[in-house]
Amino acid sequence: MKIDFEKGGGLAPAIVQDADTLQVLMLGYMNAESVSKTNATGLVTFYSRSRKTLWTKGETSGNTLALVSMIVDCDRDTLLVKAKPTGPTCHEGTVSCFGSEGAEGVGFLSYLETLIEGRKTADPESSYTAQLLHGPLRRAAQKVGEEGVETALAAVAETDDKLVSEAADLIYHTLVLLAAKDLKLDAVVAELKRRH
């Protein structure tokens with residue numbers, strides 16, 4: 001990866017995106033040394049323009065960014081860094097430096113998948129999701145079948161709002177079934193991409 005640091009006086013802007021939800025988390029600046037350190041350690045490291053030194057995100061807060069990938073744009077002067085955050089990215093305690101809202105659009109599905117995964121250790125008495133995950137696999141599979149039928153029926157005999165509600169139930173229960181089988185939504189996306 002050849003980066004043109006000269007255009008930015010030795011620095012390149014680095015847009016950091018959550019590798020799972022694709023939410024933009026922050027903008028930082030990197031020089032050749034911080035890129036090298038990021039690649040060597042697997043933790044995203046920037047160059048602080050105010051302190052004139054390298055800083056690894058989370059070195060004091062513990063809210064690190066684990067590197068997944070780093071690519072350069074077509075002009076070779078801006079980086080896109082995909083990372084997995086540990087805790088909030090912004091110093092104000094929010095997920096993103098661009099607001100307190102979580103992932104939007106289809107990125108919310110990855111967030112929901114993480115919540116469902118966390119229910120694997122929850123008390124089944126306190127969570128419907130935990131009940132499905134701790135129960136027999138056939139129950140979670142049955143719910144996907146039921147919701148699929150209800151979605152199809154809503155499409156032909158109900159309002160658009162009812163169809164949206166049933167489709168949400170179907171997607172949620174499909175995510176639960178995938179989690180029960182220790183599968184990730186990424187595997188489904190990869191299969192869809194393969195077919196495309």
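Student: Lys52, buried or exposed?
Tutor: Lys52 is exposed, with a relative accessible area of 60%. (Exposed means over 50%, buried under 20% and partly exposed in between, using a 1.4 Å probe and protein chains only.) This is a predicted model, where local features need pLDDT of at least 70, side-chain atom pairs count only at pLDDT 80 or more, and totals for chains, interfaces and linings use all residues. Residues are numbered from 1 along each chain as its sequence is written, and side-chain values use heavy atoms, with hydrogens and water left out.

Student: Where does Lys52 sit?
Tutor: Lys52 is in the loop between β3 (45–48) and β4 (53–56). Strands (E, at least two residues) and helices (H or I, at least four) are DSSP runs, numbered from the N terminus.

Student: And what's phi of Lys52 near?
Tutor: Phi is near 60° for Lys52, a positive value in a residue other than glycine. Most residues other than glycine have a negative phi. Arg76 also has a positive phi, near 65°. Arg76 is in the loop between β5 (65–72) and β6 (79–85), and counts as partly exposed at 36% relative accessibility.

Student: Switching topic: which helix has Glu113?
Tutor: That's helix α2, residues 107–118. Glu113 is buried yet has no salt bridge (a side-chain nitrogen of Lys or Arg within 4 Å of a carboxyl oxygen of Asp or Glu).

Student: So which side chain of opposite charge is nearest to Glu113?
Tutor: Lys184, 5.2 Å away. For charges, Lys and Arg count as positive and Asp and Glu as negative, while His and the chain ends are not counted.

Student: What is Glu113 in contact with?
Tutor: Leaving aside neighbours within four places in sequence, Glu113 contacts Leu183, Lys184 and Leu185. Contact means heavy atoms within 4.5 Å.

Student: What about Lys143, buried or exposed?
Tutor: Lys143 counts as buried, at 11% relative accessibility. Lys143 is in helix α4 (residues 137–157) and touches Tyr128, Leu132 and His173, not counting residues up to four places away in sequence.

Student: OK, aromatics. How many pairs are there?
Tutor: Three aromatic pairs, counting rings of Phe, Tyr and Trp (its six-membered ring) with centres within 6.5 Å; planes under 30 degrees apart are stacked, over 60 edge-to-face and the rest tilted. One of them is Phe46 with Trp55, a tilted pair at 5.1 Å centre to centre and 35° between the planes.

Student: Is Phe46 buried or exposed?
Tutor: Phe46 is buried, with a relative accessible area of 0%.
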